[in-house]
Amino acid sequence: MTKEILENILSKYPANKKDGLLPILQDVQNQQGYLTDELLAQVGKYLNLPLNKVYGVATFYDQFIFHPQGQYHIRICRGTACHLFGSATYLDELEKQLKVEVGNTSKDRKFSLEVSNCMGACESAPIVNINDVFYTHVTEPELSRIIHSLKEKTE
Amino acid sequence: MQFDVEINNQPVSAKRGETIKNVLDRIGIRVPTLCYLNGFSPTGGCRMCVVEVDGISELVPSCSHPVTEWMKIKTHSPRVLKARKVLVELLLAGHPDDCLYCERNRNCGLQDLAIEMNVRERKYHGKRQNIQIDRACQSIERDPAKCVLCGRCIRVCDEVIGVAAIDVVGRGSESRIGTSYNKGLNTQTCIKCGQCIMVCPTGALAEKSAMQAVLDALSNPLLFPVIQFSPTVPASIGEDFNIKASKDILNLLRAALKKMGFRQVFDTSMAADLAIMEEAAEFVERFGKHDRIPLLTSCCPSWVRYVEAVKPQLLPNLSTTASPQQMMGRLIKNYIASSAGQRVEKVFVVSVMPCTAKKYEADTDRMKDGISRNVDAVITTRELVRIIRLLGIDFGNLEPEPGDTHYGIRSTAGNLFGISGGHLEGLVRTIHHMMTGQELSTLKISELRGLKGKKEAKIRIGKVTINVAAVSGLANVKALIDDVEAGREDFNIIEVMACPNGCINGGGQKLNADEKSLKSRMKSIYDIDDEEMIRVAHKNPVIIDLYERFLAKPGSEGNRELLHVSRTKEES
């Protein structure tokens with residue numbers, strides 16, 4: 001992220017005011033895709049907050065990511081309804097197929113896997129979200145097919 | 001407003017604005033707590049202090065719940081006791097249970113509670129935390145597995161020290177206390193002061209021990225081990241052996257160190273005298289030229305580290321004078337050893353400090369070859385007590401040993417270095433003499449004494465008046481240095497010590513010491529200043545002799561390499 005882009009984001013919020021922290025972090029992540037320690041330090045400086053406090057707050061929320069995402073960022077809902085429809089098994093299966101642990105990005109940077117809290121569409125459980133596209137009532141073979149086609153696309 | 005409340009069926013009077021715990025403390029009812037810290041705003045995090053209140057369905061934390069009129073409180077009802085026991089059991093669910101091997105065995109808040117609550121089995125089996133011990137820092141080790149997330153370290157680091165090097169990371173069962181991006185303390189703004197260790201109820205935080213290195217050196221026949229001790233050590237070590245702080249402890253300490261096998265014992269206060277001479281000369285020169293004023297003192301390695309890491313723009317104002325510990329080490333290695341006929345490679349310099357940051361300081365100060373250290377190992381007061389016990393030295397029954405006349409003489413000015421304001425007091429005495437040729441009419445500067453975090457004094461020196469300030473508890477310094485950066489010019493010297501009240505309360509001192517023992521440590525140091533004859537550094541015969549035979553004039557170029565530190569960025 002260039003200095004200008006960051007400054008542009010920061011300028012929308014008053015300096016030295018803690019309240020701006022979360023919206024700033026959201027804006028930064030929307031631009032950059034994830035949060036780096038340099039960016040957090042800059043944000044902290046602007047709001048007069050120590051880096052560790054900023055990091056502490058950011059890690060409290062699942063929405064923030066601290067490493068680069070894959071080309072395809074897969075979020076699997078682990079809310080109650082999705083759990084009842086077997087999302088835990090889906091997760092295991094995805095970890096195996098993509099050779100990536102939840103919360104991480106595959107070595108080739110093609111896939112990253114993340115669990116999400118309830119996405120709020122329980123009637124469509126189980127739900128998987130790939131690069132902001134929702135896949136509802138997903139079945140295991142279907143998920144395998146999707147992953148397979150994504151793999152082909154990236155090759 | 002006064003009103004009555006009912007505690008355990010007894011009427012008790014209370015005031016509006018008090019918490020339940022305030023009232024309980026006053027009437028002598030103790031509720032257990034892990035997270036409460038006197039003088040801090042309560043967080044109610046550990047829930048150990050919960051009590052039952054009539055009309056409130058859930059238990060309330062007494063540390064943060066205010067009393068109201070006719071509140072009916074039960075502090076140790078069966079329901080409360082059961083809740084507390086479950087809490088301890090839950091804290092133990094993921095605990096390593098290695099008490100026998102733990103640094104804090106028999107001195108642990110969690111262990112005490114487990115005993116108090118009569119916990120006799122592992123009730124819950126939680127997931128063990130598999131987080132690596134943070135060992136990279138030269139001063140402090142963190143073992144998150146033993147952490148109970150009480151958050152005391154975070155509050156001290158943020159509110160007292162003002163650096164916030166650690167915080168809660170993550171949430172729920174995944175939360176732990178850590179640093180940003182898990183980079184560890186060593187890469188953080190941590191200034192190694194060790195105040196977090198002082199408040200940690202468990203063994204999650206401890207100093208990085210140098211005990212084994214010291215024991216090895218003592219038993220190595222090829223080495224010539226010598227030791228220096230900080231003036232705060234004799235002021236506080238009596239507490240561990242139930243001996244009242246007095247002048248005699250100094251000689252008992254010397255005897256103990258000799259018994260341990262150290263060939264020579266040095267008092268760091270002597271080097272503090274030398275530091276006063278150099279720093280006073282530095283000030284007089286800078287003051288005359290209006291150059292880099294205020295002078296910021298440099299005896300506290302945590303403060304120096306803070307300036308280097310957080311406020312590098314203040315580096316020019318920092319005194320270039322090396323700290324007493326390093327001066328002593330440099331003197332021993334470069335002069336004293338050879339004049340005693342020892343080869344410098346064989347000399348192993350140990351120092352006993354009330355401080356964890358001194359470990360870091362010794363590690364960063366190298367000799368000319370860039371490898372060997374001027375001070376080979378630093379142990380805290382706590383580690384010294386452990387070694388004394390380990391080696392079976394009966395501290396109280398030793399034959400007191402007077403200091404050797406060669407380098408054992410110190411002025412009481414150097415001895416004051418351990419207290420916030422004391423460094424300044426000793427320094428000003430010599431500055432006055434350097435600038436006017438006369439002694440201050442009263443050597444005692446009362447404005448610089450006492451328990452306040454910021455003390456100021458105006459000192460009349462001949463025709464001029466200098467303004468000085470002593471700040472302790474690093475968070476207290478922030479406002480002042482912001483002013484200085486913004487151009488405030490009325491201060492001439494600012495003394496900074498990172499720990500509240502200075503080194504007597506350092507991060508390497510006895511754990512769980514109360515304000516009473518803090519005051520007694522202070523008193524013993526001030527008593528020495530009242531009673532002894534040599535009260536200014538420039539009258540210390542050892543110092544006079546050193547300048548005559550070995551050193552160049554105070555503050556001059558010739559002493560730069562041996563007694564000073566470069567503050568420019570390229571070289572640090």
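## Strands in chain B

Two strands count as paired when DSSP finds at least two bridges between them. The model described here is predicted. In chain B, strand β1 (residues 2-7) and strand β2 (residues 10-15) meet that condition: they pair in the antiparallel sense over six bridges. Within this pairing, B:F3 stands opposite B:A14 of β2(B). The hairpin of β1(B) and β2(B) has two residues between its strands. There, B:N8 takes a positive phi near 45°.

β1(B) also joins strand β5 (residues 72-74) of chain B. Two bridges link β1(B) and β5(B), and these strands run parallel. Here B:I7 stands opposite B:I73 of β5(B). In a regular strand, side chains alternate between the two faces of the sheet.

## A covered helix

How many of the nine residues of helix α10 (residues 301-309) of chain B are buried? Seven are, and the helix is mostly covered. The buried residues of α10(B) are B:P301, B:S302, B:W303, B:V304, B:R305, B:Y306 and B:V307.

What do these buried residues pack against? Their partners are α12 (357-364) and β17 (493-497), both of chain B.

## Two crossing helices

Two packed helices are described by the angle between their axes and the distance between the axes. In chain B, take helix α9 (residues 268-289) and helix α15 (residues 422-436). Their axes come within 9 Å and cross at roughly 55°. α9(B) and α15(B) are therefore oblique to each other. The crossing of α9(B) past α15(B) is right-handed.

Which residues meet at the contact of α9(B) with α15(B)? From α9(B) come B:I276, B:M277, B:E279, B:A280, B:A281, B:F283 and B:V284. From α15(B) come B:G426, B:L427, B:T430, B:I431, B:M434 and B:M435. The residues of this contact divide into ten nonpolar, two polar and one charged. An α-helix has 3.6 residues a turn, so residues three or four places apart point the same way.

## Where chain A touches chain B

Eleven residues of chain A are in contact with 13 residues of chain B. On the side of chain A that touches chain B, α3 (37-47) and α4 (51-60) of chain A each supply at least two residues. α4(A) gives the most to that side, with seven residues.

What is the make-up of the side of chain A that touches chain B? Six of its residues are nonpolar, three are polar and two are charged.

Technical notes. Residues numbered from 1 in each chain as written. Chains lettered and ligands numbered in written order. Predicted model: local features only at pLDDT ≥ 70, side-chain atom pairs only at ≥ 80, totals over all residues. Contact = placed C-beta atoms within 7 Å. Helix = DSSP H or I, 4+ residues; strand = E, 2+ residues; numbered from the N terminus. Nonpolar A, V, L, I, M, F, W, Y, C, P; charged D, E, K, R; others polar. Buried ≥ 20, exposed ≤ 12 C-beta atoms within 10 Å, placed from the backbone. Axes fitted to C-alpha atoms, helices over the stretch in contact; angles between N-to-C directions. Parallel < 35°, antiparallel > 145°, perpendicular 65-115°, else oblique. Left-handed = near helix turned anticlockwise from the far one by under 90°.
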